[in-house]
Amino acid sequence: MAAAILRRLSPAAAQRAPPRLLPPTLARGVSDSTEPLTVETSVPFTSHIVDPPSRDVSTTPRELAAAFRDMALMRRAEIAADSLYKAKLIRGFCHLYDGQEAVAVGMEAAITRRDAIITAYRDHCLYLARGGDLVAAFAELMGRVDGCSRGKGGSMHFYKKDANFYGGHGIVGAQVPLGCGLAFAQRYRKEGTVTFDLYGDGAANQGQLFEALNMAALWKLPVILVCENNHYGMGTAEWKASKSPAYYKRGDYVPGLKVDGMDFLAVKQACKFAKEHVLENGPIILEMDTYRYHGHSMSDPGSTYRTRDEIAGIRQERDPIERVRKLLLTHDLATAQELKDMEKEIRKEVDTAIAKAKESPMPDTSELFKNVYVNDCGLESFGVDRKVVRTVLP
């Protein structure tokens, strides 16, 4: 990324550049310009039965600064979650996303909130990328009533329906058919929107994935299957679990693209390309080559099946935040001090959100059985004699 190529776009190309919503504030002095630039991706895309998109990605100083801030906020929030878990303020399972931030932020830069996203249990940062509230995120992690799932979902079950974020699922691979169902609804309603259906390399061998993909291909559903390949399914390296770890080719008859998932702009370009593709042709698979710094979950130290040198090497050579930092510095879009100031503001923002989340009470015991069954849901069923029976669940 340090050797990225920048050049001015033509006015016509500038008009085609997708809009990017800014986070709350950028640090003083960081470029807020919307003047278009083109940046070359870190490595080429690798494709399967489809022509890959261009490596030249349209962006702006504002978008790069916003991406830096978004990813830095996610990183800080996940580090804070680590501390809260160790302090026993977060209980149960907790899967952290640090290292993989470019996937969430790059994907969001290429789509709109009308498009849907569904994922597995490593979901905190995807919720934040969809516009989720930081206080609601920490409240949910700590099981408080002001959480995004009212304190009942915890780490693995974040939702934000008004932004078409559908979780947050704990059963390995089970969200993939659900995501194809979302895409079916989008096509049936002729919405012109798509679903990004995320899963990990550990779920890539699930039978339900291939069943859902077959149906999606038959019906040309607007679904993008995104394999977040962080190279370890729990503690098992991909080469030990998969005869063919080229996950972007797994669709056989479905096109695929391998993407540097540590490069924000490469992810953005691939997702923009994939959205356009599926609206016309049906599903595509994106394999995001990424990496998690933490273990699989907080119960996994993450160092028994890989070396500390391996982790340090990825941090040094491919870290998604540092890549964007280098772009901003190399092209005089910000100074090192301005970016440090932004990170200081982020730390304060996260600390304030945690303090507010701690003030939220635990759910009352009366809430235990709410939202389990629906009473008098108004549905009607017919017997063989066509007699109407109103369905009322106890």
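**Exercise 1. Which residues line the largest cavity?**

Before starting, note that this is a predicted model, where local features need pLDDT of at least 70, side-chain atom pairs count only at pLDDT 80 or more, and totals for chains, interfaces and linings use all residues. Residues are numbered from 1 along each chain as its sequence is written, and side-chain values use heavy atoms, with hydrogens and water left out.

*Solution.* 
- Step 1: look for cavities, meaning sets of points on a 1 Å grid over the protein atoms alone where a 1.4 Å probe fits but cannot get out. You'll find one of 30 Å³ or more.
- Step 2: list the residues with an atom within 4 Å of a point. They are Ala 77, Glu 78, His 124, Leu 128, Leu 134, Ala 137, Phe 138, Leu 141 and Phe 158.
- Step 3: pick the top contributor. That's H5, with four residues.

**Exercise 2. What share of the protein chain counts as buried?**

*Solution.* 
- Step 1: call a residue buried under 20% relative accessible area (1.4 Å probe, protein chains only).
- Step 2: apply that to the 394 residues, and 53% qualify.

Technical notes:
1 Å grid on protein atoms, 1.4 Å probe; cavity = no way out; pocket = protein on both sides within 12 Å on 5 of 7 lines; lining within 4 Å. Points joined across faces, edges and corners; volume = space filled by probe spheres on them. Helix = DSSP H or I, 4+ residues; strand = E, 2+ residues; numbered from the N terminus. Buried < 20%, exposed > 50% of the residue type's maximum accessible area, 1.4 Å probe, protein only.
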